[in-house]
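Here is a short note for a colleague who is opening this structure for the first time. Please read the points with the model in view.

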Amino acid sequence: MRKITTIHLLSPKKVQSFRPIREDEISRMISKIREASDENRAVNMSEMAVSLGINLICKIAFGKECSRRFDELLEEVQAVAVAFYMSDYFMAFGWVDKLTGMIGRLDSAVKKMDSFYQELIDEHLDRKRVKEVEEEDGDVLDVLIQLKMQHKIPSIDFGWDNIKAMLMDIFIAGAETSSSVIIWTMTALMKSPNIMEKLQNEIRSLIGKKGRVYEDDLPKLEYLRAVVNESMRLYPPGPLLVPRQTIERCTLEGYQIQPKTMVFVNAWAIARDPEYWENPDKFVPERFLNSVKGKDFEFLPFGAGRRMCPGMAMGLLNVELTLANLLYNFDWGLPIGVQVDDVDTTPSPGLAMQKKTPLLVVPKNYDV
Ligand code: HEM
C-alpha cells in the first residue's frame, strides 16, 4: 500500500501535476484576506488554513470541492479515532467499549464514510462525469481506479475497500497536518515580530514587483525553510508520530518489551530535549541555517524509517507556498487590545496537534 502511494499517488511528477490546484486555492485565500484588509477587519487564520487544507486535498483526491456533508463526516471520524478505547490497552475488556457505546459510534461513523466513498467511486466510474477540476492523469481516485481495473497491482488483492482506506488515510494525514503547520508558524511569527520582518524582507526582496510568489521561487527562500522547520520543531503536527507495534522481543533500557507491544515515539519531547537543542523552548529559526538537522533522529516532523510520511514534498509545498504568499502580500497585526504575550500557544487534543484557540490577525495590504 505504501509503494502504491509513493509510486503512483504522491510521486514528484504527480505532486507537480497538482500545482494549478495549489496556486488557485491559495489565490482564492489571498483574495478573501484582501477583502478583509480593505474593510480593516481581522481574519480567523485558523479557520482559513483549515478550509484551505481541506479544499486542497478534496480537489487532489476526488477532483472536486468538498461538501458540507464531508466536513461533518470527517469531524465525526476524527473524534472517534482519538477517543479512548479500553480494548486498546486491555484486550479482554472489549466489552466495556461496547457498553459505553463507543463501538456503535465507531461503526456508524465508518459506515457513513464508506457510503460517501462509494458514491464518489460511482461518480468516477460514470463515463459521463463532468469534471470540476481538470488534472493530468486524473485525481487520486482516478489513479486508484485505473490501477484496480488494469490489474496493475498483482501482488495483492486490490479491492474497493483498499481504495476507500487509502482515500481515508490520505485525507486524514494530508489535510490537517498542512493547516496545522500554517497556523502554528503564523502564531510563532506574531509572537516574534523581528523574525516576521526578517522573513518578509527575504520574500519581498526576492519577489520584487512580481505580485505573487510562485513555486519556482521557494527553493531560493532559505530563511522561510528555516522558519518552517523551527515551527515544526516546536509544534509538530504529529507529536507522537503514528503508533507502531514491535515485531519481536527486545530490551530497552533494561525493560523487556514483548512482541506486539504498541509503541509511541514522543517526537515532540525529542525536539525539545536540552541535550540536543540550545534554548529548546525558544523560537530561533537561525539554528536551521547552514546546518543539517534530523540525521540523528533529533528532529522528526515527518517521522522516520519505513513509515515516514509519504506526503512530505506535497506538505512542504502547501505550507511554504501559502506562508510565502501571506507574508508577501500583507503586513500583519493583532486585533485592538491584544498584546503579543496574549497570543496563546495551548494545543488542543486531536489527531494532529492544533492550536486550541483560533488565531485572529489583522491584515494590511502591502503595496508592491
Ligand atoms: C506539513 C505537512 C505534513 C506533516 C508535518 C506530516 C507528518 C506526518 C507524520 C509525522 C507521519 C507519521 C510518520 C511516522 O510515524 O514515522 C505522517 C504519515 C503519513 N502522512 Fe504525512 N505529513 C504532512 C503532510 C502529508 C500530506 C500532504 C499527505 C498526503 C497527501 C500525507 C500523507 C501521509 C500518510 C498517508 C501517512 C501514513 C504513512 C504510513 O502509515 O505508513 N502527509 N505524516
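1. Start with a term. A residue counts as buried under 20% relative accessible area, as exposed over 50%, and as partly exposed in between. C250 has a relative accessible area of 33%, so C250 is partly exposed. C309 falls in that class too, at 32% relative accessibility. Keep in mind throughout that this is a predicted model.

2. Next, the ligand. How many residues surround the ligand? The count is 25. The closest are R2, V242, R244, R307 and C309. C309 has come up already: C309 counts as partly exposed.

3. Three of these residues deserve a look at the atoms. R307 has a side-chain N or O atom 2.4 Å from an oxygen atom of the ligand. For R244, a polar side-chain atom lies 2.7 Å from a ligand oxygen. V242 uses its backbone instead: a polar backbone atom there is 3.1 Å from an oxygen atom of the ligand. Two elements give two or more residues to the shell around the ligand, namely α10 (160–191) and α14 (312–329).

4. Which element gives the most to the shell around the ligand? That is α10, with six residues. By class, the shell holds 16 nonpolar residues, six polar ones and three charged ones.

5. Now the disulfide. The structure holds one. A disulfide is a covalent bond between the sulfur atoms of two cysteines. Here C58 is joined to C66, and the S to S distance is 1.2 Å. Please check that value in the model. The link of C58 and C66 is right-handed, with 40° about the S-S bond. Is C58 buried or exposed? C58 counts as buried, because its relative accessibility is 1%.

6. Aromatic rings come next. A search of the whole structure finds 14 aromatic pairs. One of them is formed by F93 and W95. A pair of aromatic rings is described by the distance of the centres and the angle of the planes. For F93 and W95 the centres are 6.1 Å apart and the planes are at 35°, so the pair is tilted rather than stacked, a term kept for planes under 30 degrees apart.

7. The two partners fall on either side of a cut-off. F93 has 38% relative accessibility, so F93 counts as partly exposed. W95 has a relative accessible area of 51%, and is therefore exposed. The limit for exposed is over 50%.

8. Rings also gather elsewhere. Ring pairs link F62, F70, F116, Y117 and F171 into a cluster.

9. Two arginines meet aromatic rings. The charged end of R204 sits over the ring of Y366, at 3.5 Å from the ring centre. R233 does likewise with W277: its charged end sits over that ring, 5.1 Å from the centre.

10. Look at the backbone next. N279 is not a glycine, yet its phi is positive, at about 40°. F297 is another residue other than glycine with a positive phi, near 65°. Where is N279? N279 is in the loop between α13 (267–270) and α14. F297 lies in the loop between α13 and α14. As for accessibility, N279 is partly exposed because its relative accessible area is 47%. F297 is exposed, because its value is 52%.

11. P239 is worth a stop. P239 is found in the loop between α12 and β2 (244–245). Its relative accessibility is 19%, so P239 counts as buried. The limit for buried is under 20%. P239 and A271 are 32 residues apart in sequence. In space they are 9.5 Å apart, C-alpha to C-alpha.

12. Last, E222. This residue lies in helix α12 (residues 222–234). E222 has a relative accessible area of 53%, so E222 is exposed. How far from D157 is E222 in sequence, and what is the distance in space? The two are 65 residues apart in sequence and 45 Å apart in space, C-alpha to C-alpha.

How values were computed:
Residues numbered from 1 in each chain as written. Predicted model: local features only at pLDDT ≥ 70, side-chain atom pairs only at ≥ 80, totals over all residues. Heavy atoms only, no water. Near = heavy atom within 4 Å. Polar contact = N/O pair within 3.5 Å; in protein donor to acceptor, adjacent residues only side chain to side chain. Helix = DSSP H or I, 4+ residues; strand = E, 2+ residues; numbered from the N terminus. Nonpolar A, V, L, I, M, F, W, Y, C, P; charged D, E, K, R; others polar. Phe/Tyr/Trp six-rings, centres within 6.5 Å; stacked < 30°, edge-to-face > 60°. Buried < 20%, exposed > 50% of the residue type's maximum accessible area, 1.4 Å probe, protein only. Lys NZ or Arg CZ within 6 Å of the ring centre and 35° of its normal. Disulfide = S-S within 2.5 Å.
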